[in-house]
Structure formats: C-alpha cells, structure tokens
Amino acid sequence: ADGEVNVLTTAQTTNGGIRARYIVEANTGAKSPTELENREVYTNTGDADGSSIALPNDPTAGTAYWIAVTAAQTITITAAAGETLKFGSSTCGTSLTSNTVGSGVLIVAASGGSGGIWITMSSVGTWVCNA
C-alpha cells in the first residue's frame, strides 16, 4: 500500500514466526481502506493538499481504523452512501475533518452490513463533524 510501514514486535506466533503489531499507512491523496486492513493506522504524512479516507461500504462490525493528522493538511473521513458516521452523539452527514497536527481518532463499525454505523471510540485534538 501507499507508504506502508510495518512495525514489528518480538511477540511470536504459535509456529515461531514474528507477527506485525500494527501497520502505518501514509496517505498522499485519497485512500479507501478495506476490511482486510482492519486496525491499521492512517496518517497524512507527505500529503501536500489534503487526504481523503473513504470508509468501507457495508462494513463488518468491529472493523476499526486509527487516523492521525501528522501534516498541516486536512484529513477528510467519509462514510459510503447509506452508512452513518457519528462523532460522539453527532451525525456527520458529510464528513469528519481535521487539519490540526497531533489530532487522532479511532473509528469503529459498531453496526455492520447494509446501513452500517461507524462511530468514534476515542479522539484527541480537534475534529469537525460536518453535517
């Protein structure tokens, strides 16, 4: 994937192999993560004009992404048509955005399938829920 960095731990799998702890992906434009990329960390490092992150359509409940602002450019997070993106008790009908370096958010599919609901489990810094 674009700008992918594997971060490894010393933990071993049952067959003696080393397993990845998490994967950091740098966004340099638009990135649509897949459910196979569950629990990955997305940043906008190297971004010159703003990053767009489109959350998967009809998600599997429990799919989660960590998103961090690492450059002073706007990250825009959107849900697919028919899905819901919530920031706390607010519904972000258009998008969830931030351009404040150091801001981060954990977004989880609390309800999966058609009409899935994405919610923020935690956040730091400044985020704007755009109606």
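Tutor: Let us start with a definition: a disulfide is a pair of cysteine sulfur atoms within 2.5 Å. The structure above is a predicted model, in which local features need pLDDT of at least 70 and side-chain atom pairs count only at pLDDT 80 or more, while totals for chains, interfaces and linings use all residues. Residues are numbered from 1 along each chain as its sequence is written, and side-chain values use heavy atoms, with hydrogens and water left out.

Student: What makes Cys-92 and Cys-129 a disulfide?

Tutor: Their sulfur atoms are 2.0 Å apart, and because the cut-off is 2.5 Å, the pair meets the definition. By this rule the count comes to one disulfide. The link of Cys-92 and Cys-129 is left-handed, with -125° about the S-S bond. The pair links distant parts of the chain, since Cys-92 lies in the loop between E9 and strand E10 (95–98) and Cys-129 lies in strand E13, 37 residues apart. The strands named here are DSSP runs of at least two residues, labelled E and numbered from the N terminus, whereas helices (H or I) need at least four.

Student: How do you know whether Cys-92 is buried or exposed, and which class does Cys-129 fall into?

Tutor: The classes rest on relative accessible area: buried means under 20%, exposed means over 50%, and partly exposed lies in between, using a 1.4 Å probe and protein chains only. Cys-92 has a relative accessible area of 4%, so Cys-92 is buried. Cys-129 has 24% relative accessibility, so Cys-129 counts as partly exposed. Ser-51, whose place is in strand E5, has 1% and therefore counts as buried. Over the protein chain, buried residues make up 35% of the 131 residues.

Student: What does Ser-51 touch, if we leave out residues up to four places away in sequence?

Tutor: Contact means heavy atoms within 4.5 Å. With those neighbours left out, Ser-51 touches Asn-27, Thr-28, Gly-29, Asn-44, Thr-74, Ile-75 and Thr-76.

Student: Why is the pair of Tyr-42 and Tyr-65 called edge-to-face?

Tutor: Rings of Phe, Tyr and Trp (its six-membered ring) pair if their centres lie within 6.5 Å, and planes under 30 degrees apart count as stacked, over 60 as edge-to-face and the rest as tilted. The structure holds two aromatic pairs. In the pair of Tyr-42 and Tyr-65, the centres are 5.8 Å apart and the planes stand at 70°, so the distance is within the limit and the angle is over 60. Tyr-42 lies in strand E4 (residues 40–43) and Tyr-65 in strand E6 (residues 64–68), so the pair ties together parts that are 23 residues apart in sequence. Both Tyr-42 and Tyr-65 are buried, and ring pairs link Tyr-42, Tyr-65 and Trp-118 into a cluster.

Student: How many bridges join strand E8 to strand E12, and how many join E8 to strand E9?

Tutor: Three bridges join strand E8 (residues 84–87) to strand E12 (residues 117–124), and these run parallel. Two bridges join E8 to strand E9 (residues 90–91), and these run antiparallel. In the hairpin of E8 and E9, which has two residues between the strands, Gly-88 takes a positive phi near 65°.

Student: What makes a group of residues a nonpolar core, and which residues touch the most other members of the largest one?

Tutor: A nonpolar core is a set of buried Ala, Val, Leu, Ile, Met, Phe, Trp, Tyr and Cys residues joined through side-chain atoms within 4.5 Å. Of the 16 residues in the largest nonpolar core, Ile-67, Ile-77, Leu-85, Leu-96 and Ile-107 touch the most other members. E6, strand E7 (75–78) and strand E11 (104–111) each supply at least two residues of this core, and E11 gives the most, with three residues.

Notes: Pairing = 2+ DSSP bridges.
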